[in-house]
Amino acid sequence: MADVTPRPPAPTGGQASSTLGRSMSVKGELTAKEDLVIEGQFEGTIDVAEHTVTVGAQGQVKSEIRARQVVVHGSVNGKISAREKIDIRRTGNVTGDLQAAGVAIEDGAYFKGSIEILREGQARAEAAPARPVVSQRAV
Amino acid sequence: MLARPGRSEASTDPRSAPPPSFGLRWLWQYLQDSPRPYILDCGPIRSATLRILLGRSGRLYSGDLISSHKRPELWDRTRKTPVFRTELLLAGLPPVPAASLSVVFCWHLLDLLPREALPDVLLHIHKLMESGGVLFCLLREPRLEKGADSAWELDGLTGLARAHDGVAAFPYPALSNREIDRLLPTGSVKTFLTRSGWREVLVLK
């Protein structure tokens with residue numbers, strides 16, 4: 001019989017990724033330049049601004065997450081900011097504020113908090129560091 | 001298949017367009033000058049509703065009081081007469097700044113709570129609403145005896161559908177508009193009748 005246990009999706013196409021395993025419990029500040037899969041427990045801050053964070057079904061995160069995309073199958077308590085999309089799946093349990101260009105929550109998921117959709121300009125501003133404004137005059 | 005509250009019982013053709021909800025139509029027309037209102041959804045997450053409200057709101061708050069209203073710990077049974085712990089129910093809402101909400105969707109929550117909880121629940125929601133804000137409720141007609149476990153969702157901005165047709169009996173007698181009116185510190189009540197046995201009740205602050 002085929003194994004139909006829901007699993008977190010593989011991180012995006014062929015890129016390097018790191019996994020925090022089920023038996024691991026980590027506190028601190030996590031930054032990475034690759035996709036991240038969390039199956040264990042994490043407490044602190046996660047900053048992978050250009051990559052995807054996936055919280056697996058067993059994953060428990062008490063943290064602020066900043067990423068390009070966030071997919072939640074497990075539990076997250078904290079603010080999530082994503083430049084592109086936050087995806088809370090059916091088994092997901094999220095308490096906190098979400099900020100992203102797109103948010104999807106499957107029926108059956110638990111969510112308590114607020115959602116703010118970043119419109120076109122806002123999403124770009126969130127992603128890019130602040131630059132000095134140069135005024136231009138028409139010649 | 002989704003059940004449309006306004007659809008006649010004889011009509012079972014799933015292709016027929018759902019009749020619009022007059023309450024929702026009124027609501028969005030009322031908010032036409034408010035491009036990005038702050039909205040609170042007190043029901044369980046429905047992906048269809050979320051998609052629609054996110055497209056319309058500046059900020060969407062979500063805290064499911066409907067699924068949590070049956071939690072046994074909401075009743076203090078240490079006393080002779082069990083007491084409903086309204087503050088524990090309201091802890092299911094996310095932090096929302098006072099007087100910030102333009103719309104609150106509480107669906108059929110008020111039909112599920114004991115009478116003694118209603119003043120505090122309505123007062124709490126009322127405080128979160130801005131002046132001119134609207135509370136959107138569905139209240140059953142007294143003739144409707146079952147449907148406490150119904151699940152509602154938006155089908156477009158002005159379409160209202162039952163994602164799940166409830167069969168559970170309602171735990172308390174039906175609420176009248178006059179009762180709602182009496183429980184509110186200020187405001188007025190607007191009612192739209194449907195053929196399904198549910199009233200769409202909009203409370204304006």
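Let's start with B:A99, which is partly exposed, with 13 other C-beta atoms within 10 Å. This is a predicted model, by the way. B:A99 sits in the loop between α4 (86–90) and β5 (101–107) of chain B. Most residues other than glycine have a negative phi.

There's another one in that chain. B:W107 also isn't glycine, and its phi is positive too, near 50°. That residue belongs to strand β5 of chain B. Is B:W107 buried or exposed? It's buried, because 23 other C-beta atoms lie within 10 Å, and the cut-off for buried is 20 or more.

Okay, on to where the chains meet. Chain A puts 13 residues into the contact and chain B puts in twelve. On the chain A side, the elements giving two or more residues are β9 (98–105) and β10 (110–117). β10(A) has the largest share, seven residues. Sorted by class, that side of chain A has seven nonpolar, two polar and four charged residues.

β10(A) also pairs across the contact: three bridges join it to strand β2 (residues 59–62) of chain B, and the two run antiparallel. If you want one to click on, A:S114 has B:Y61 as its bridge partner in β2(B).

Take A:V70: skipping neighbours within four places in sequence, it touches A:V53, A:I65, A:I80, A:A82 and A:I86.

How values were computed
Residues are numbered from 1 along each chain as its sequence is written. Chains are lettered from A and ligands numbered from 1 in the order in which they are written. This is a predicted model: local features need pLDDT of at least 70, side-chain atom pairs count only at pLDDT 80 or more; totals for chains, interfaces and linings use all residues. Two residues are in contact if their C-beta atoms, placed from the backbone, lie within 7 Å. Helices (H or I, at least four residues) and strands (E, at least two) are DSSP runs, numbered from the N terminus. Ala, Val, Leu, Ile, Met, Phe, Trp, Tyr, Cys and Pro count as nonpolar, Asp, Glu, Lys and Arg as charged, and the others, Gly among them, as polar. Two strands pair if DSSP finds at least two bridges between them. A residue is buried if 20 or more other C-beta atoms lie within 10 Å of its own, exposed if 12 or fewer, and partly exposed in between; C-beta atoms are placed from the backbone.
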